[in-house]
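Visitor: I have a model open and would like to learn how to read its features one by one. Could we begin with the pockets?

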Amino acid sequence: MFSPRSLFPRLAGRLTALFGRGLVLSMVMIVLAGVLIMLLALVLTNAAAPTSLTIVSGPPGSVFQKTALRYQKILAREGVTVKILPSGGSLDNLHKLSNPRLDVDVGFVLGGEAGSADTSRLMSLGSISYQPLMVFYRGAPKALLSDFKGMRLAIGEEGSGTHSLALALLKLNGITPGAETTLLNALPSDAVKSLLEQQVDALFVMGDSSSTDLLRQLLHTPDIHLFSFIQADGYARRVSYLNKLELPRGALDLGRDLPPENTNLVGPTVELVAREGLHPALSDLLLEAAREVHGKPGLFKKAGEFPVLAEHEIRLSPDAQRYYASGKSFFYRTFPFWLAGLVARGLAVMLPLALLLIPALKMAPAIYRWRIQSGINRWYRVLFDIEREAVAQRSVPGKQEELLHRLQHVDATVSKIVVPAAFGDLLYELRGHIDFVRSRLQADADADAEHRQR
C-alpha cells in the first residue's frame with residue numbers, strides 16, 4: 001500500500017537504478033551545497049528592507065515636525081518604525097544629513113541650502129511642497145525690502161532656512177550684517193514676543209522653524225502687517241530656487257478678511273533629501289507617504305502638484321526616478337511590506353547562486369558518463385591488441401585459438417561490469433564489438449584448421 005514514507009525510498013531506488021548511485025549522490029550533494037550556501041547568504045547578507053528609519057525634522061511645532069509626524073503614522077501602517085529627530089530647521093537638517101557620524105536617514109531641506117554643505121553623499125527624492133517666506137512688520141506699509149534698511153529685523157536663528165534666505169534677500173537689497181540695519185538671530189517664539197512688544201520692527205518667518213500657532217497669532221494681530229512682495233517675479237528670476245506664491249484675499253480667514261488683499265510671497269520648495277544607500281523599498285514608502293500628505297490641494301498648490309521630480313542643487317535619486325516613472329517596485333506593489341522584503345531578499349541571493357547551480361547540475365551527468373566511458377574504453381584497448389596480434393600472427397599455428405581464449409576471458413570479465421540503465425548503451429556497444437572480434441577470430445581459426453587438414 002502506498003504511503004508518503006515509502007515515496008522517497010522508492011524514488012531514490014528508481015533513480016539509483018537508472019542513473020547509478022554515484023550520479024544520484026553527486027546531484028544530491030550539489031543541491032545540498034547550493035541550498036546551504038543560499039541559507040548562509042540569507043543569514044549573512046542584509047538585502048532585506050530595514051524596518052526603521054530616522055527623519056530629521058525641525059523644532060517642536062514647526063511645519064517640518066508636523067509633516068514628519070504624519071509620515072510616521074503612514075509608515076507605521078507598513079510596519080516601519082520612524083524616529084523623529086528635532087533640529088533647528090532646514091540648514092541644520094542638511095548639516096545633520098551630511099554628517100556621517102549622525103544616525104539619520106532622511107530630512108526636509110529647503111531649496112537653495114545646499115551651497116553651504118557637502119551633498120556628494122545625499123540624494124533628493126523630489127520636491128514635496130512650497131515653503132513661503134513671511135515678513136511681518138509694524139508701522140507704515142512697506143513696498144520694498146529695501147524699505148527695512150536701518151530697522152531692527154529678526155531673521156531667525158542660525159541653522160534655519162529662514163535665516164539663510166532672509167540674509168540672501170536682504171543682501172540683494174543692499175542690507176548686510178554689520179551695517180546700520182540690526183539683524184537679530186532669535187528663536188521664533190522670542191521674535192514674535194519682541195515684535196508684539198515693539199522690541200523689533202520686522203520678523204522673517206518660515207514654516208521650517210516656526211510654529212503654525214505663532215504664525216496664526218501674528219496674522220490675527222490687527223496692527224501687524226504681512227509684507228507683500230510686489231517684486232516677486234523679479235526675485236523668482238534672480239534667485240533660481242525661489243517661486244512666486246500668491247496668497248488670495250480672505251484665504252486665511254474669510255470672516256475677518258485675512259489677508260485684506262491679495263498678497264505676493266516668495267519661497268523655495270521643500271525637498272525630501274535622503275542619504276545615499278537608502279533602501280529602495282523605504283524610498284518607495286516615503287514617496288507614497290509624500291503623495292498622501294502633499295498631494296492634496298492647498299493655499300499655494302494644486303491637487304497632485306506634489307511630490308514632483310525636480311532637480312535643484314542635490315542630485316536626484318535613481319530609485320526616486322524609477323518610482324515617478326513606474327511606481328512602486330513589483331514585489332512591494334504585490335505583497336505586504338514585510339513579505340516583499342523577504343521575497344526580494346531571497347531572490348537577490350538565490351538568483352546568482354541558481355545561475356551557478358544549474359550549470360553544475362548539467363555538468364554532473366556528463367562528468368559521470370565520462371567516468372563510466374573511460375572505464376569501458378580500456379577494454380577497447382584490449383580488443384585492439386587482440387586484433388593486431390590476430391593480423392600480425394595469422395600464419396602462426398594455434399594463435400587464433402589462443403586469442404579466442406583471451407577474448408573469452410575479456411567477455412566474461414565485461415559481463416560482470418554493472419552500469420546504470422541510463423548508460424547501458426556504452427556496455428552493449430562494447431559487447432557487440434567483442435562479438436564482432438570473436439566472429440573474425442573464429443573465421444580465421446576455422447580457416448586455419450581447414451588448411452591444416454589439407
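Visitor: How much space lies in the second largest pocket?

Guide: Start with the idea: rolling a probe the size of a water molecule over the atoms shows where empty space is left. On a 1 Å grid over the protein atoms alone, a pocket is an open set of points with protein on both sides within 12 Å along at least five of seven lines. Grid points are joined across faces, edges and corners, and the volume is the space filled by probe spheres set on the points. Here the second largest pocket holds about 380 Å³. It has 23 lining residues, and Ile 224, His 225, Leu 226, Pro 259 and Pro 260 are the closest to its centre; a lining residue has an atom within 4 Å of a point. Strand E5 (134–137), helix H7 (212–219) and strand E9 (225–226) each give two or more residues to that lining. Helices (H or I, at least four residues) and strands (E, at least two) are DSSP runs, numbered from the N terminus.

Before we go on, this is a predicted model: local features need pLDDT of at least 70, side-chain atom pairs count only at pLDDT 80 or more, and totals for chains, interfaces and linings use all residues. Residues are numbered from 1 along each chain as its sequence is written, and side-chain values use heavy atoms, with hydrogens and water left out.

Visitor: What classes of residue make up the lining of that second largest pocket?

Guide: The lining has 15 nonpolar, five polar and three charged residues. Ala, Val, Leu, Ile, Met, Phe, Trp, Tyr, Cys and Pro count as nonpolar, Asp, Glu, Lys and Arg as charged, and the others, Gly among them, as polar.

Visitor: Pro 259 came up there. Which peptide bond at Pro 259 is cis?

Guide: As a rule, most residues other than glycine have a negative phi, and most peptide bonds are trans. The bond from Leu 258 to Pro 259 is cis, with omega near -10 degrees. Pro 259 sits in the loop between strand E10 (242–247) and strand E11 (263–275). In the loop between E10 and E11 you also find Asp 257, which has a positive phi of about 55 degrees although it is not a glycine. Asp 257 is partly exposed, at 25% relative accessible area; buried means under 20%, exposed over 50%, and partly exposed in between (1.4 Å probe, protein chains only).

Visitor: Where does Gln 198 lie?

Guide: Look in the loop between helix H6 (188–196) and strand E8 (202–205). Gln 198 has a positive phi of about 60 degrees, again without being a glycine, and is exposed, with a relative accessible area of 53%.

Note on methods:
On a 1 Å grid over the protein atoms alone, a cavity is a set of points where a 1.4 Å probe fits but cannot get out, and a pocket is an open set with protein on both sides within 12 Å along at least five of seven lines; lining residues have an atom within 4 Å of a point.
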